[in-house]
Amino acid sequence: MRYDDRLKTVLRGPLPEGSAAALQWRQVADLMAQKPGRLVNDDVQSGLTRLRDLHDHVEEADRIAAVQALNGRLRSAPLLVYLCADNDRVCDAAILAADLPDEEWVDVIPQLSQRGCNSLRDRSDLGALTREQLNQAMWGGTDLPKPMVSANDDSAEDPLETANDAAEVDLPEPETSDTSQISTLVAKIADYQRNREAKIDQSSISDLEHRSYFVETIDAINFETDDSGTIIWAEGPPKGAIVGVTIAEPTFDDGPGPDAYGAAAFRQRMPLENARMRLCGAPIVSGDWRMSAIPYFGEETGRFKGYRGVMRRPNAAEDAGHNNLDVERREQLQQLIHELRTPLNAIIGFSEIIEQQLFGPASFEYRNLSRNIMDEAQRLLTGFEDLDIAAKIDAGQMESQSGLTEPDWLMERLAERLQSLTESKSVDLHMTKAEPVRPFALDSESVERIFARLLSAAIIACENGEKLKADLRTRIGSQPVNYFSLSRPSRIQGISEEQLLDPSHGIEGEASDAPLLGLGFSLRLVRNLAKSANGTLTISNDRIGLTLPAAATSEIGIRETEFE
């Protein structure tokens, strides 16, 4: 079951002003026009009320352009009645855009203004019932020719006053409570418009045709993609500025596209939340955006059809970390890491030569000193790599490649990689794999990186001789995931999640026991790595949970495997 709450989403928040008011007026009208049968009566009244409140903030040219864009798609009777209570041009555009069946026209015609009825008679696609009801409403059942009324005739009646008089005198008693509430609301709207100060638009028709309903900037874009991730529909900007852009491939240059997190979420058919998106071209859309969207599937076949969502401009807090100054600092950090990595690799290489006596015999003390130097250099190199990864994640340059990683291979790799660390700390790491466990839907490098950093931080946080318990299992659902649960080390028990994820948080004890950049930095890095791979890291009172996407299908038999 899917719930369409787009109208409620648009109506949420304060009343906009300026170009944002014109944009919202268009959004509300478009949403109400296309899905009248799916809107409950409260939604209809809320939408009409918002249109009324925005009326004085939206120029006539913008309203006309919005209604003309609904050509052939205006299927909401209450919205049509409301629009016909507007001025003549909006009324004419609404009648031309309306697409109602015969039985609905019969109910709507008595509520239309005189101008609306006159415009409706010009249409050649009306059914017999509609034309009969129209004749009865206008001429008491006699099919008379339509009287010619000049638009510039000062003696002509105000269409809003006529609509209001018709609502008070000629309208039959409504049959349902829904129709009664809507008619009352429309009458109030007409009365409000009649008593407001008149604003005469002196622009010509040619000016109206070429005037855009947004003139400054836009803050939100509704969009829809096809199953390949290409945007095929957009509401808000000029369609040529965004239609054809893909959300499936990340961008690392100056072109349009999402960050690695957004592209990874698309591959896994997972919801997007505040993914970074860059648009290019027209100044009105060019720049950075935040994108939230959900996948949608065919109602009959259940096949994936694309994404629907909204893009918005980042707020000041989100944009603060991505200005030119921070970009320059991030590039400087990456360059510094690269320059430090080169001599460290040389130190590690020479230490290995001495420790392995490749150039000749060396004393035990000399070899032991070389081994200590190599270990410290490796520790520094790991810290620099973590800084480099964090900078890439912050820049949206960290991408987890699609692929399959077998759990058995991962367990064996982790046992080899963490052996020296567990032996130095005398930690017993006991991992259970509760089958069937599906392969990870990620490349092996990304999965190993995430697990190695999480387990390394956990082992370092243990007391000497402590035992860590962990288990890995697959959770089946519409989007299967592999869930890894790890017991909390003793030295971080009773500490809140917020404090643990603080980059300044460390571990009491010897300096060699602590991660180079602090435990808080390591856990935040794991969480961001998991997020970039469309996973999550959660911390409860006694467990640390890691969730990563799993393969969609599996033929693994049921068994249980343990690794120590």
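What you see is a predicted model, where local features need pLDDT of at least 70, side-chain atom pairs count only at pLDDT 80 or more, and totals for chains, interfaces and linings use all residues. Residues are numbered from 1 along each chain as its sequence is written, and side-chain values use heavy atoms, leaving out hydrogens and water.

**Stop one: an asparagine in a strand.** Select Asn274, which sits in strand 4 (residues 272-279). Its phi is positive, about 55 degrees, even though Asn274 is not a glycine. Most residues other than glycine have a negative phi. Asn274 counts as partly exposed because its relative accessibility is 34% (buried means under 20% relative accessible area, exposed over 50%, partly exposed in between, with a 1.4 Å probe and protein chains only).

**Stop two: a helix pair.** Now select residues 444-460 (helix 19) and 519-532 (helix 21): their axes come within 9 Å and cross at roughly 155 degrees. Axes here are lines fitted to C-alpha atoms, for helices over the stretch in contact, and angles run from 0 to 180 degrees between N-to-C directions.

Pick Asn534, in the loop between helix 21 and strand 10 (536-539). Asn534 also has a positive phi, about 70 degrees, without being a glycine. Is Asn534 buried or exposed? Asn534 is buried, with a relative accessible area of 13%.

Notes:
Helices (H or I, at least four residues) and strands (E, at least two) are DSSP runs, numbered from the N terminus.
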